[in-house]
Amino acid sequence: MWSFFARDPVKDFNYDILPETQETSGIWTLHRGKRKMGGEPVSVFVYEVSTGTEEQTQLAKTAFKRMKTLRHPNILAYVDGLETEKSLYLVTEQVTPLAAHLKAQSDRGGSGELEMSWGLHQIVKALSFLVNDCHLLHNNLGIWSVFVDRAGEWKLGGLDHMTPENEDASSVHPDMDKYDPPESPNGGEKWAGDVWRLGCLIWEVFNGPLPRTTSLRSLGKVPSSPTLYLLTFYQMILISSSQARPNPARFLQNCRAPGGFLSNSFVESNLFLEEIQIKDPAEKHQFFQDLSENLDSFPEDFCKHKVLPQLLTAFEFGNAGAVVLTPLFKVGKFLSAEEYQQKIIPVIVKMFSSTDRAMRIRLLQQMEQFVQYLNDAAVNSQIFPHVVHGFTDTNPAIREQTVKSMLLLAPKLNESNVNQELMRHFARLQARDEQGPIRCNTTVCLGKIAPYLNAGTRQRVLISAFSRATKDPFPASRAAGVLGFAATHNYYSVTESAARVLPTLCTLTVDPDNNVRDQAFKAIKSFLTKLETVSEDPTKLAEIEKDVMSSAQPAGAAASWAGWAVTGVSSLTSKLIRTGPGAEVGGPADNTPVVSGTASPRTGNPVTDGVPVGKELTGLSKAELAKKKREERRKELEAKRAERKAAKGPVKLGARKLD
């Protein structure tokens with residue numbers, strides 16, 4: 001039984017103090033620690049009775065009691081504590097001394113005025129709470145009594161010398177005399193001393209440690225811009241007459257006036273987040289809409305630890321909807337891959353099951369920002385089954401975005417989803433969708449994801465799909481079909497190229513659309529070169545057909561022809577395929593614009609309705625112009641064939657020749 005009373009209470013303490021993390025903080029030493037169960041990080045203030053005087057021990061015990069009873073968002077939060085005969089242990093939220101925080105920020109390029117404005121706002125608000133609501137005087141305000149949590153929030157601590165407003169303050173360390181106000185302790189308003197020390201704190205935040213009291217006369221780096229309205233109020237709190245110094249609440253009000261140092265988008269955003277639970281839905285919606293524009297200028301830690309939790313909460317419980325997506329993805333850029341997986345991916349997976357069309361289309365539009373964090377299992381079992389509903393949506397914009405999203409999801413889909421389910425939807429869209437741009441983009445997307453299909457699916461689908469596209473009434477779809485053949489040329493055998501692909505392409509050489517004809521001629525030339533190569537050297541057949549029966553390729557394998565890309569067609573009325581680098585002969589087709597008003601694939605001149613601008617063709621009709629171009633092309637091809645024949649010499653008997 002006696003062993004029970006003799007046990008060391010420190011061993012039963014719920015927190016571990018990490019070694020080599022000691023830092024002096026007044027009469028306390030500050031350590032980093034963690035909870036034994038769960039490992040949550042905390043800060044532990046330790047006071048050793050043996051090393052302090054009787055007066056300091058009494059101050060530490062008083063501060064210990066104050067921390068337990070004082071609760072305010074801007075005052076250092078008490079978590080747990082332990083008092084023994086030898087020591088006092090005060091556990092708080094994880095924080096860093098302000099001086100150390102500012103030094104670290106300086107090493108990384110310095111803290112911005114936005115962060116400092118919000119930090120000072122928090123300290124002044126905490127001081128106002130003590131003076132006006134609790135009728136207490138801090139008596140120890142300074143850079144040493146301010147701490148910063150992981151979100152960048154400034155917290156007021158250092159409560160060792162706190163007293164009721166009608167009691168005298170205890171003596172402070174002699175080294176702190178330079179922070180004392182010029183008047184006698186009992187002179188002026190009750191808050192005059194704390195307000196003076198607030199002025200010292202402002203000076204040190206911008207300039208570093210205060211060398212002497214007279215240095216306060218020199219502004220140094222304290223913002224003095226006439227548009228910020230800090231200089232006037234800074235001088236007011238450091239005025240020699242204690243009667244003229246404003247109450248902390250008055251100082252806060254002055255600095256929050258329009259144009260004041262504490263009146264900016266960062267402070268306003270923080271204040272809104274503090275009261276977000278009582279805001280109505282319309283206000284929340286507007287706030288999250290405006291937040292995206294401001295996030296780029298906000299501190300990274302604030303975005304990660306304060307904005308992100310509120311965004312996640314707003315989606316989970318506040319019915320914020322699609323408006324949270326843009327700021328959510330912006331904040332996601334600050335997270336590590338592991339943090340992204342833990343905090344954002346579960347929410348995104350849940351969002352895909354939403355029936356809100358605005359949410360679904362916003363997710364599809366911004367998929368590029370988070371697709372790399374999605375694992376294949378989640379895509380196939382939780383995301384793809386919801387995404388495919390977009391193929392049959394009555395809204396054309398959703399159908400189009402769903403098609404384009406397959407470019408990103410295809411590398412992660414399993415064999416069943418990509419070769420069966422996806423191909424079924426693509427076939428329906430290409431054949432039945434009433435929107436020409438969607439049919440066009442479906443053809444384009446099929447060509448881009450071809451490397452992820454297995455050999456059997458490629459043999460069964462590609463030629464049929466691209467042939468169907470060449471018969472589409474929409475000119476851009478016909479051009480996309482030609483580009484599809486050229487981009488996937490390596491998946492066709494020589495026999496298929498000659499018997500199925502070339503006959504289809506040849507019919508497009510007389511297409512009414514000039515751009516379709518141009519693409520057809522280029523593709524035909526590419527396939528003819530391939531056939532001619534095999535005809536001249538049959539041993540190259542295996543090399544040319546090496547990809548025909550190849551298995552599906554991993555992600556990134558199709559990047560060699562990424563110039564042929566799907567573009568945004570939200571209105572479904574304008575541009576469909578954007579320009580990009582062309583491909584070499586025998587490889588993917590040149591990326592030629594499909595719509596009018598773009599560059600001619602041959603001359604590079606602007607084209608409008610198929611006629612190159614700047615050419616004097618007023619004397620020719622469209623039919624005569626097309627005939628002239630075909631004649632020029634025929635002569636050019638005949639000249640090249642003649643050159644090749646001359647270089648090769650006489651043809652041997654029995655040799656196959658494609659000329």
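Helices (H or I, at least four residues) and strands (E, at least two) are DSSP runs, numbered from the N terminus. The model toured here is predicted: local features need pLDDT of at least 70, side-chain atom pairs count only at pLDDT 80 or more, and totals for chains, interfaces and linings use all residues. Residues are numbered from 1 along each chain as its sequence is written, and side-chain values use heavy atoms, with hydrogens and water left out.

**The whole chain**

Begin with the entire chain selected. Its secondary structure comes to 24 helices and 13 strands. Of its 659 residues, 49% count as buried, where buried means under 20% relative accessible area, exposed over 50%, and partly exposed in between (1.4 Å probe, protein chains only). The accessible surface is about 32,100 Å², and carbon and sulfur atoms contribute 52% of that area; the areas come from the Shrake-Rupley method with a 1.4 Å probe, and for residues only the protein chains shown count as cover. Among contacts (heavy atoms within 4.5 Å) between residues at least 6 apart in sequence, 64% join residues at least 24 apart.

**Residues 383–421**

Select residues 383–421 next. In the model, the chain over residues 383–421 is 67% helix and 0% strand, with the end C-alpha atoms 14 Å apart.

Within this range, display the side chain of D393 together with that of R360. D393 and R360 form a salt bridge, their closest N and O atoms being 3.1 Å apart; the term denotes a side-chain nitrogen of Lys or Arg within 4 Å of a carboxyl oxygen of Asp or Glu. D393 belongs to the loop between α15 (376–387) and α16 (396–409), whereas R360 is in helix α14 (residues 357–365), so the pair ties together parts 33 residues apart in sequence. Both partners are buried: D393 has a relative accessible area of 8%, and R360 has 16%.

**Other salt bridges**

By the same rule, the count comes to 20 salt bridges. Select E165 and K190, whose side chains meet at 2.6 Å, N to O. Both residues lie in the loop between β11 (163–164) and α5, 25 residues apart. E165 is partly exposed at 31% relative accessibility, and K190 is partly exposed at 33%.

Move on to helix α5 and select D194 and R197. The closest N and O atoms of this salt bridge are 3.8 Å apart, and the two residues are three apart in the helix, about one turn. D194 is buried, with a relative accessible area of 2%; R197 is also buried, at 12%.

**Helix α7**

Finish at α7 (residues 248–255), where the buried residues are P248, F251, L252, N254 and C255. Turn the view to look down the axis of α7: these buried residues fall within an arc of 160 degrees, so they line one face of the helix. The arc is that of the directions from the helix axis to the C-beta atoms.

Now show what covers the buried residues of α7, including α4 (113–133), α5 (192–207) and α6 (231–237). At the start of α7, select N247 and A249: a side-chain oxygen of N247 reaches to within 2.8 Å of the backbone nitrogen of A249.

Terms used:
A polar contact is a pair of N or O atoms within 3.5 Å; within protein, one must be able to donate a hydrogen and the other to accept it, and residues adjacent in sequence count only if both atoms are side-chain atoms.
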